[in-house]
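Hello,

Here is the structure I promised to hand over. Please look through it first; my notes follow.

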Amino acid sequence: MDLVRIDENTWEIPKQGEMRVPAVIYASARLLQDIKHDLTLEQARNVACLPGIQRVSYTMPDAHQGYGFPIGGVAAFDLDDGIISPGGVGYDINCGVRLLRTEYTDAEIGPKRKELLAEIFKEVPAGVGKGGVTKLSRSVLKEILAKGAEWAVENDYGTPADLERTEERGRIVDADPESLSDRALERGIPQLGTLGAGNHFLEFQKVVEIFDSDAARTFGIHFEGQVTIMIHCGSRGLGHQVASDYIELMENKFGIAGLPDRELVHAPFRSDLGQRYYRSMCAAVNYAFANRQMIAHWVRDVFARVLGSAQGMDQIYDVCHNVAKLERHRVRDIEKQLCVHRKGATRSFGPGRPEVPAAYRSVGQPVIIPGSMGTASYLLLGTAEAEEKSFSSTAHGAGRIMSRHEALKRFRGERIRDELAGRGIELRSTSWKGVAEEAAAAYKDIDEVVRVSHELGIGRLVAKVAPVGVMKG
Amino acid sequence: MERYRILPHTADGKFQAFGETIEEAFTNAALATASLMWDWTKVEPKVRYAVRVRGRDLEQLLVKFLGEVIYLMETRRFLLAGVSGLKIEQEERSYGIEATFHGDEISERYKIFGGIKAVTYNDMRIEDCDRGVCTIQVVVDM
């Protein structure tokens with residue numbers, strides 16, 4: 001496959017064969033080495049062949065092989081001639097990240113670190129097969145699917161200010177709870193308000209470096225040592241079932257002939273099935289927003305109980321990194337509404353966009369990029385440049401480079417815990433095996449990923465945070 | 001014959017399951033799926049579920065069949081310990097599968113060490129059984 005270097009961090013697969021547009025990969029030479037190890041580039045090229053794709057099939061710096069679309073893939077489709085694809089969103093619909101600020105310093109919470117983590121562990125269900133704390137009825141679940149985080153706030157989980165600082169204000173109004181299967185609902189009922197397992201985590205962190213003090217101040221980050229809280233999880237089994245259901249329905253309706261990869265199955269956006277998937281996906285997005293809203297509320301409760309106050313524990317922002325959204329972008333000098341698929345990519349709107357909360361509109365949208373377990377995470381800033389370069393998108397995390405199998409052979413969960421403890425990081429998990437699988441060495445270098453994002457200008461560095469206490473599902 | 005083998009995969013779980021017949025290979029694929037989440041050999045077969053699914057082809061049948069292991073765990077708190085009486089029937093334009101799952105409810109006695117989000121078509125292979133060994137390869141999203 002031809003791969004042309006355009007500049008320091010930009011590579012292009014020129015349009016050839018069935019491709020309708022070129023594919024662009026944003027990576028340094030070093031990150032590209034990782035990317036070349038698997039089928040990421042082939043997948044980016046396959047995406048470029050899909051009907052109605054606009055401009056370019058983009059790949060973010062943390063990309064790795066996914067199903068159908070690569071993880072780290074961004075593709076926008078025309079609403080009239082284009083498609084929507086469950087494979088372009090991923091199984092964990094609205095997997096995302098929420099970041100809260102606090103008024104506490106690392107020194108203040110240090111002695112209470114263990115207690116905080118133990119209490120959070122009691123409060124927030126995590127791990128596989130753990131039910132939520134609330135037994136939902138179907139009708140309440142459907143209300144949650146329709147209203148997302150708004151439902152949670154109406155039921156005293158958090159405040160309206162949280163909604164203001166959530167992508168889509170925590171609710172996509174296009175959701176239709178009636179287009180979900182019984183199975184999806186059944187899987188959603190026991191899991192609301194749970195963290196899940198795998199790479200999902202809840203961390204309290206301290207600010208270790210501020211790169212852009214103006215933007216940081218706007219987001220409520222004022223000093224090094226300031227404590228933040230990060231929640232990384234998604235729509236749980238409900239979202240996974242929506243993806244599986246609609247892959248099956250689309251296969252049965254449109255067949256699989258001519259697809260280079262079965263997980264690229266899609267439906268015209270305007271078709272009945274395309275619309276049903278879109279509306280179900282939005283419902284799963286809302287479920288995940290409600291989920292993170294509830295978890296954030298419990299974390300505030302624990303801080304209030306253990307430290308005496310949850311004052312100033314404001315939400316900085318909440319981003320989704322597995323989603324397809326309707327957004328206005330310019331293509332060949334014409335602004336139009338597109339269906340932007342971000343699979344393992346974060347929206348990165350610059351200043352002035354109406355979707356950015358009023359309090360941040362003069363600087364741009366906060367972009368939250370979680371590291372792997374026990375490593376640094378980053379707060380970035382969306383840019384106007386990202387609009388031109390990546391349909392307003394940047395990376396979403398570190399991205400795996402080592403299989404879970406290999407990680408299990410190389411690492412022991414208990415040893416990782418001890419090692420982190422030696423560095424002042426408290427770790428608790430439901431599974432030591434899960435901890436070994438998520439070892440930092442199994443992931444790409446997050447520092448390099450965000451450096452490339454910053455250099456490209458698709459998401460600029462604001463602050464770096466390091467974990468103090470980690471709860472892993 | 002070895003029932004299944006777990007293979008390396010960067011982001012997720014991958015395995016090959018074997019059998020002298022396609023039915024045996026499907027049975028072992030269900031056990032391989034369970035093995036990524038719990039030790040099925042330690043689960044007591046106390047409860048049973050009748051499983052029936054249909055698919056447009058063998059691949060879709062496999063995705064839906066293995067999906068039952070995840071679905072029953074998440075919604076019925078059921079941990080698979082074994083599969084019996086698995087039958088695959090080919091009809092005009094689709095396939096059907098019937099089997100009985102044996103296992104137990106989630107409790108403190110059993111350790112669950114991982115979760116599977118979904119069964120995917122990625123790198124899926126269902127090889128014919130002509131030479132006496134049928135091999136199935138599956139990647140699951142974890």
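**Between the chains**

Seven salt bridges link chain A and chain B (a side-chain nitrogen of Lys or Arg within 4 Å of a carboxyl oxygen of Asp or Glu). One of them joins the side chains of Glu59(B) and Arg262(A), at 3.9 Å from N to O.

This is a predicted model: local features need pLDDT of at least 70, side-chain atom pairs count only at pLDDT 80 or more, and totals for chains, interfaces and linings use all residues. Residues are numbered from 1 along each chain as its sequence is written, chains are lettered from A and ligands numbered from 1 in the order in which they are written, and side-chain values use heavy atoms, with hydrogens and water left out.

Contact (heavy atoms within 4.5 Å) involves 36 residues of chain A and 36 residues of chain B. The two chains bury about 3,000 Å² between them, 50% of it on carbon and sulfur atoms (accessible area, 1.4 Å probe, lost on being put together, summed over both). In chain A, Tyr67(A), Val128(A) and Arg262(A) lose the most area to chain B, together 21% of what that side buries.

**Cavities**

How many cavities of 30 Å³ or more does the structure hold? There are three. A cavity is a set of points on a 1 Å grid, over the protein atoms alone, where a 1.4 Å probe fits but cannot get out; lining residues have an atom within 4 Å of a point. A volume is the space filled by probe spheres set on the points, which are joined across faces, edges and corners.

Best wishes

Methods. On a 1 Å grid over the protein atoms alone, a cavity is a set of points where a 1.4 Å probe fits but cannot get out, and a pocket is an open set with protein on both sides within 12 Å along at least five of seven lines; lining residues have an atom within 4 Å of a point.
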